[in-house]
Amino acid sequence: MRVVLRNPKREIEIVGKRRVHALLDELQLSREAHLVIRNGTLVPGDAQLSDDDEIEIRPVISGGA
Amino acid sequence: MVASVSLCRVCKQPAIIDLPRHHANFCAEHFIELCRRQVTKAIEGFDMLTAEDRILVAVSGGKDSLAVWDLLIELGYQADGLYIGLGIGDYSDTSGQYARDFANQRGLTLIEIDVRATHGYDIPTAAAATRRVPCSACGTTKRHLFDQAALDGGYTVLVTGHNLDDEAAVLFGNTLRWDIGYLARQLPVLPARDGFPKKVKPLVRLTERETAAWCVVRGIDYLIEECPMAEGNRHLQYKAALNSIEQQSPGSKAAFYLNFIEHMAPLLAGQAELPDGLQECTRCGSPTPGDICAFCRIAERASAHDPVPVEFLAKKKKKAQR
């Protein structure tokens, strides 16, 4: 699956099915600090992702106070 | 297509988001309903707004400010936006465009103030000229211009997009230092006083993951990239620490902040260190404890300084971090 990451924007290729939470854990990304969007739609942590999915992992943390 | 396992707590249709702090998953419709309910609860519970208020929303082009503006309009309030061009290179150019597009698509009024055009400086230059961290010069500049625009425009309330994560991180920092003055002032509503408008934070019951999800579900385009000057700041470090706790113990951030507001803030009432004897700044007329307010001091030094591009400061910061 093609995975788009942000800050900075970049793409990586991940092979094989896995659940959203497993993908975040594998990439060492906080579940609390990211949303996962599959083919343009938000998906929850236990959604199963497959090779033909287009995934965006969007960070949600901003630094201003 | 692979079906999601999670089902919405309300309608049992496929969920789009899991919210461990609510021990629940939600579909798009019921997630939107949850957000509306949380914001209404904050507005009503803290007496933030009335239907008669003239509201000005501080808009950055990021998810929180666009989400709060969208939510207020959806809930039936009349609200204009205020965007401040801070001159942080491409970041500011892009953020301004998101704010303009949002307003134009919905027929809303967006007031714009460009700091360099109106006051002769930008944030990277202010940071270099004052030798302060960029977020400090930025915060002082924004607060002053928000206050001034709200008062000049006859608005009765200034709304900011501070969310639960923002407030919990600030509370965490103030608690680490036991800074009683700041703790006593950390409230979701600051009443109008001595030349300052009333300020409210309707998103204090939503996490930033929830405000970002609101934008995704509602189709709101916002600036996702982080401010190049905020990278690695202390506020972000506190957020990371709290998120680590939250992942292990869902609901911790909400309990930390909302229980503080309910149980501790009343005990601290009266301990806020508000400066006595405010007088008018001799330059701009804003309330200040001295002759010249903090904003005018920054403006004086920064406008006399050669412009500093944001890339220069970013490089310097990276070098210092190595």
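Does Gly89(B), with its C-beta neighbours inside 10 Å, count as buried, partly exposed or exposed, and what is the number of those neighbours that decides it? Gly89(B) has 18 such neighbours and therefore counts as partly exposed, where buried stands for 20 or more other C-beta atoms within 10 Å of a residue's own, exposed for 12 or fewer, and partly exposed for what lies in between, with C-beta atoms placed from the backbone.

This is a predicted model, in which local features need pLDDT of at least 70 and side-chain atom pairs count only at pLDDT 80 or more, while totals for chains, interfaces and linings use all residues. Residues are numbered from 1 along each chain as its sequence is written, and chains are lettered from A and ligands numbered from 1 in the order in which they are written.

Gly89(B) belongs to helix H3 (residues 89–106) of chain B. Leaving aside residues up to four places away in sequence, Gly89(B) touches Pro309(B), Val310(B) and Glu311(B), a contact being two C-beta atoms, placed from the backbone, within 7 Å.

Chain B as a whole comprises 13 helices and 10 strands, which are DSSP runs numbered from the N terminus (helices H or I, at least four residues; strands E, at least two). Of its 322 residues, 43% count as buried, and the C-alpha trace spans about 60 × 45 × 45 Å along its principal axes.

The largest nonpolar core has 97 residues; such a core is a set of buried Ala, Val, Leu, Ile, Met, Phe, Trp, Tyr and Cys residues joined through C-beta atoms within 7 Å. Ile55(B) is among the residues with the most contacts inside this core, and, residues up to four places away in sequence not counted, its partners include Leu72(B), Tyr77(B), Tyr155(B) and Val159(B).

Turning to helix packing, the axes of H7(B) and H10(B) come within 9 Å and cross at roughly 100°, the axes being lines fitted to C-alpha atoms over the stretch in contact and the angles running from 0 to 180 degrees between N-to-C directions. H7(B) is therefore roughly perpendicular to H10(B), a class that covers 65 to 115 degrees, whereas angles under 35 count as roughly parallel, over 145 as roughly antiparallel and the rest as oblique. In this packing Asp165(B), Ala168(B), Ala169(B), Phe172(B) and Gly173(B) of H7(B) meet Arg234(B), His235(B), Tyr238(B), Lys239(B) and Leu242(B) of H10(B).

The contact between the chains takes 31 residues from chain B and 24 residues from chain A.
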